[in-house]
Amino acid sequence: MTPDNSVRFRGCLDDVAAYTPGRPPAASDGKPSYKLSSNENPYPPLPGVLAAATDAAQHMNRYPDMGAVDLLETLSERFKVPVEDFALATGSVALLYHLLQAVVTHGDEVVYAWRSFEAYPIAVQLTGATSVQVPLTDDARLDFKAMEAAITDRTKVVIVCTPNNPTGLVVHRDELLAFVEAVPSNVLIVLDEAYREFVRDPEVVDGVDVYRDHPNVVVLRTFSKAYGLAGFRIGYAIGHESVVTAIRKCALPFGVSSIAQAAALASLQAEDELLARVEELVVERTRVVEALRAAGWRVPETQTNFVWMDLGEETLDFTAAVQAEGVSIRPFPGEGVRVSIGEREANDLFLGVACNWKK
């Protein structure tokens, strides 16, 4: 049978670029290789978390608990937030997809800073809505005055990524609260806080506190980064019940596996030990940033588990040089690179290239 090439797809797909994952490291003549391209936690799973996941896998012939009762009750206690104000999905990015599907459609607008998380334009385009990308300031910060000016009658959602991916900078309390107050109450504000656990800046407000007083604020968090569950894909949203109900309506049935739920629950129970690992990564982050600055690099004050380097037209050459040492990093051609904080050995290989690049 001759293939039918007359299948019609939605017009919004014409300009959608596929998401680009972090590149895995290339094999290099038996030398060790490292992946610093995806902001993953370099530590292996804790024994208790691994045991919980392994036990859950023994029941893979059964559907997961769609209500995720045990996990949501634990999260509810952890944040002092009603269970009804939580939604789960396969990572915080999936929650954003569900949320946009629930709120926007053709003719609507979504405002966010740029550069920011590269999934944003894809998620917006798939709904048929229009992205309104507001450039960062010269020092790579979110420009809230420009974002406020970009809001029109067509704006349905504003996304604030803090800390911002890939630049690593955070939004401070006063500027965020002033912006939230300035945004019309019928516009949904999404606070993407995927890297919240790495923040050490005392001027940063917790998004959960902002949500409590603002019905149009929803917070996205994930177990992928600080908790080391990137391979299981699980994240959560905290929002008022009407927002969360809309997210749940758009979510896939049984989307979050039993294994992911069990691992997340065990991670919360082992939170002190996991956050001690996060603190070690923060210390290593400081070492990497100080070494880069000592070598002459202007590195933004990152509050994440990665650093941003503005390389412009040198981006791909620099990426290739680091790759030659067995380390993969994330290039943004013509702009710069994002480099995750990983094992000390990996960081040292990257620093060897970076510190010699300025000579």
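This is a predicted model: local features need pLDDT of at least 70, side-chain atom pairs count only at pLDDT 80 or more; totals for chains, interfaces and linings use all residues.

Q: What makes D206 partly exposed?
A: Its relative accessible area is 22%. Buried means under 20% and exposed means over 50%. D206 falls in between, so D206 is partly exposed.

Q: Why is R221 called buried?
A: R221 has 3% relative accessibility. The cut-off for buried is under 20%.

Q: Which parts of the chain does the pair D206 and R221 link?
A: D206 is in the loop between β6 (188–192) and α7 (207–213). R221 is in strand β7 (residues 217–222). They are 15 residues apart.

Q: Why is the contact between R141 and E175 called a salt bridge?
A: Their side chains meet at 3.2 Å, N to O. The limit is within 4 Å, so this pair qualifies. R141 sits in the loop between β4 (130–135) and α5 (144–150), and E175 in helix α6 (residues 173–182).

Q: Is E175 buried or partly exposed?
A: The relative accessible area of E175 is 25%. Buried requires under 20%, exposed over 50%. E175 is therefore partly exposed.

Q: What makes R330 and E118 a salt bridge?
A: Their closest N and O atoms are 2.6 Å apart. That is within 4 Å, so the label holds. R330 lies in strand β11 (residues 330–332) and E118 in the loop between β3 (109–114) and α4 (119–127), so the pair ties together parts 212 residues apart in sequence. Both R330 and E118 are buried.

Q: How many salt bridges does a search of the whole structure find?
A: The search finds 16. Separately, E284, R287, R344 and D348 are linked in a network of salt bridges.

Q: Why do β2 and β4 stand at the edges of the sheet?
A: The open sheet has seven strands in the order β2-β8-β7-β6-β5-β3-β4. β2 (86–89) and β4 each have a single partner strand, so one side of each is left without a neighbour in the sheet.

Q: What makes β3 and β4 a pair?
A: They share six bridges, in the parallel sense. Pairing needs at least two bridges, so β3 and β4 count as paired.

How values were computed:
Residues are numbered from 1 along each chain as its sequence is written. Side-chain values use heavy atoms; hydrogens and water are left out. Helices (H or I, at least four residues) and strands (E, at least two) are DSSP runs, numbered from the N terminus. Buried means under 20% relative accessible area, exposed over 50%, partly exposed in between (1.4 Å probe, protein chains only).
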